[in-house]
Amino acid sequence: MKKGRAREALYLIVFVSLTALTLLFLRDGFTGFVVRQIAVHTPAEQVWEMNAALPEIVVRTRIENITTADYPAAVWYDPQDALDDITRADGDEALLNDDKQLDVIFPEVSPGDTIALHIVGSSEAALVLCPLGTSCETGYGSISISGAGWYAIPLDLEAQISGFTIIADSAVRIDYLAASSNATAAWLDPHNRTADALTQDNKRITVQDDALFSVVFPTELHSGDIIALHLKSGDSGAVRLCSYGTFCAEDMGSVAYAGTEGWYNLTLLDAGSAFSIRFPDRIQLNRLYAYRVINNSYDMENRSYPPSSIIETADLTVPNLFQWDMLIPDEEINGQAIGYAYSADSGQSWHDIAEFNLSAIPNKTMRIRATLTSDGSVTPLLHAITLRYITQTIEEREYTIAAALNYRSGTSFDRDNDGIENLTGVVDFQVSADFSWAVDASALCTRYWIQPAGNDSSFICSGAASCCAFVELAPGLPNWNDPFHLFVGRYGAGRNNTVRAQVLSVDAASGDIFYSGWVNKTALFISAAPSCTPRWECAAYGQCINQVKRCTAVTDANSCGIPPISLNATCAPYTTYMERSEDIALYSFFNNENESLRVQIAQGRAAVEIEAEHVVNGTIAVANYTENVKDVSHILPALGRYVDIVADSATVRGILSAALVISYTDAEVAAAGLNESSLAIYYLNEGNERWEAVPSVVNTTGNYIIASLEHISFYGVFGKARTSAGAPETDTESDTESAAVSPASAAEPAHNTTEAAQTVGFQAPASEACSYGFTVDVPSPLSFVEERIQKIMITNTGCSVDKITVTVTDPLHLLTAREQSIAGIREGERATIILQANTSVPIRQEFPIQGFLTKSMEKRVQNYTAELMIAAEAGGESIMVKETAITAQLITPVSRQSLTSNRTAVFILLGVTIAIGIGMASWQLRMRRSPPQP
């Protein structure tokens, strides 16, 4: 009896175990969760920044071209000292004849001065005041003498002078002469020795050291010019140059005379045309002239280039390489040539690349060589080389749906595809999806979730009826990817809506159910959108200014209901039409003269000034928003002031300059928690979906920000947040410059490491007083055998950073970072990164019969290597990238395809198991009921 019960219990255990295992294997089929092992081909590329060119050979030749300009001189020697004769009215006079001259020297004579003369015993004569040492017809002033008496000569001067020469056409006796001050020297009748000094011959001038020797040149000499003297003999000493009519109290240049015959040069220290020279005693002067050296020399350059040069990359080894692809050079040939070759054995042998297709090369290592050749006149340029390739990885992939929701383009609804329309407009959407398997389109549907701000949500479904019924909806459109139109009031939509979409696959025959995550877009309906934009055309012409035919009336070609506008009688430069609504000012104009115009538009808290030219008619719209309707976030906090400026293409092309002023209140700044002095205007670069700063200045007194615009776009105001204590943040944004890559460094391939990031141009913000750094505490190994998540600690050891981004590089896609972006980590603070094993990776707790599978699971525990890349940002720029290798301990995932893809075999296994169980139970029951044998 005991043995029978033991067998009965054993049979029951076997039956329950087999049934449980069968149900475990069938679990995926019931839930639609299928895992398959597939080969994933991923295109990738390696870019080598080369910046290569042939070295320029420059040969410079000096062409000497030196000329001289000679200036002859008038030489005056040994005049009579007449100072006492003209500075006292005592009857002692200086007799001036038509063949004499009188040089008068003053401390200074200024414009507006008058010369006072006392003439005695003279008949009629004409006096002229000339530049020192010269004769002239008008000069500084003149006067006619009719006899004895006092005379005044007003001076015609443009600048201050030191004296003048008086000449007369007949005998004149001058008893007294003065200006604003008395003369300091007066020299009468100097001897003209010009002829003796012009040639180097036997006619010499013997100069005594107590005799005045003066020279006058026909043109003004410059500082640095040379007065050349050929001296025959005389006492040795210094030859000195000084002001005209003086014995050299000052020094305007000097030269030492050694008492021997030869040429001696006086170099001028100051400019002038008349000088006196003080010689040693008994000097014999044979020749005198002045000259200037004119250096017209120049350098001539001859530039050339060597015939050829070679540049190579480093070896590129690609793990999991499936196939090399194309080589794409970025080059400028300039009429020369660049040849390319590859090496698959680290440069031991080279093979020419003809068609740039490298797909037939089996090796996993590749090196590229470029040969630049030139005829010597110009160099070819090689900017970069891109090598494309394809990798192959084996992945266990689930059935997935990646959905996308976009604004539908190419329709009359929401023409600019920004999700913004007027209150009577329509925003149209288009859903798309990528499926990881060959999906049956008849099993697809899309569920839309309309969420109006402040109102109740609603759900709409389009596509297969059986699919929509799964989410308890009736299909509103026949196909899952039909266009979806939304306007105010439809499906409960309001002015500000979030539209979400989810794509589902419900296979009624197999029972498989798959669905994507929710994707969303916004639909914003505003009263500001203009109902009609006028386009002006001339309706009438007439004669107007200067007989030029001008437009006298304009009409709207778009028929917006605006009556024709007549221009006034003066032919106004342009006529305008303004339409305003709650958010937008629409400004349209007709430029009558097709010349430059200035447009000033004030709308809400914004004012725009635009200067344009050569635009006949155009339209400019300015819109104000307090919300970021473009849905692109900025790393800095927002003030809540956005301005959108748009114009027609002709106006955009004609814009010369633009300025934007955005005002704000102190209450708005305080509510946003911003540092007022850090406020700045940014424009949205929709090409890369990033906010970029424009040159702007904040006026904290007037509460406005003004910016100079290079183009018109969508603008917003952002600033630095204030600290908790109220003090403003001191971190500022700074632009980073990309460092140039030399050909030598460009040969190394760039990897995602900190060192490589610096090679391709990542730099810290320009702040010498600040450094960045952080440490990563990673347990080794990270075990995901018992738990699905593990924690990693990051400690900031440097200055504060705005954001840290975490990326896991895992070829098998077994791990992900739960928090991929961590904001605002200050110096000394710590942050936690949570790594999570994907759902396709089993852990020990997921197996219901733990004891039965313990040994099997331990055999499947393996260590996987992945890379953890941590990038830090400050001021909107990348300042540090750090990679850390991690070792993860995981249970190896196995393919369940063999158990789930063939449902017939699975149900046969289930039926056999149940039949065996029933048979065992019946046999046991008969054994218990049959009587014992005798």
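**Reading contacts in a predicted model**

Tutor: E312 counts as partly exposed, at 29% relative accessibility (buried is under 20% relative accessible area, exposed over 50%, partly exposed in between, with a 1.4 Å probe and protein chains only).

Student: On what basis are such values given?

Tutor: This is a predicted model, in which local features need pLDDT of at least 70 and side-chain atom pairs count only at pLDDT 80 or more, while totals for chains, interfaces and linings use all residues. Residues are numbered from 1 along each chain as its sequence is written, and side-chain values use heavy atoms, leaving out hydrogens and water.

Student: With which residue does E312 form a salt bridge?

Tutor: A salt bridge requires a side-chain nitrogen of Lys or Arg within 4 Å of a carboxyl oxygen of Asp or Glu. The partner of E312 is R367, and their closest N and O atoms are 3.6 Å apart. This pair connects distant parts of the chain, as R367 belongs to strand β30 (residues 365-373) and E312 to strand β25 (residues 308-312), 55 residues apart; strands are DSSP runs of E, at least two residues, numbered from the N terminus. R367 itself counts as buried, at 18% relative accessibility.

Student: Where does D315, another partner of R367, lie?

Tutor: The side chains of R367 and D315 meet in a salt bridge at 2.9 Å, N to O. D315 is in the loop between β25 and β26 (316-317), 52 residues from R367, and D315 is partly exposed at 25% relative accessibility.

Student: How many salt bridges are counted, and which residues join into one network?

Tutor: The count is 18 salt bridges. One of them pairs R60 with E301 at 2.7 Å, N to O. These two residues are 241 residues apart, R60 in strand β2 (residues 57-63) and E301 in strand β24 (residues 298-304). R60 is exposed, with a relative accessible area of 55%, whereas E301 is partly exposed at 37%. Through shared partners, salt bridges join E56, R60, E301 and R303 into one network.

Student: What arrangement do Y682 and F718 adopt?

Tutor: Their ring centres are 5.7 Å apart and the planes stand at 80°, so the pair is edge-to-face. Y682 lies in strand β52 (residues 680-685) and F718 in strand β56 (residues 714-718), so the contact ties together parts 36 residues apart in sequence.

Student: Which arginines lie over a tryptophan face?

Tutor: A charge sits over a ring if NZ of Lys or CZ of Arg is within 6 Å of the ring centre and within 35 degrees of the ring normal. R369 lies over the face of W350, at 4.4 Å from the ring centre. R500 takes such a position over W449, at 5.8 Å from the ring centre.

Terms used
Phe/Tyr/Trp six-rings, centres within 6.5 Å; stacked < 30°, edge-to-face > 60°. Helix = DSSP H or I, 4+ residues; strand = E, 2+ residues; numbered from the N terminus.
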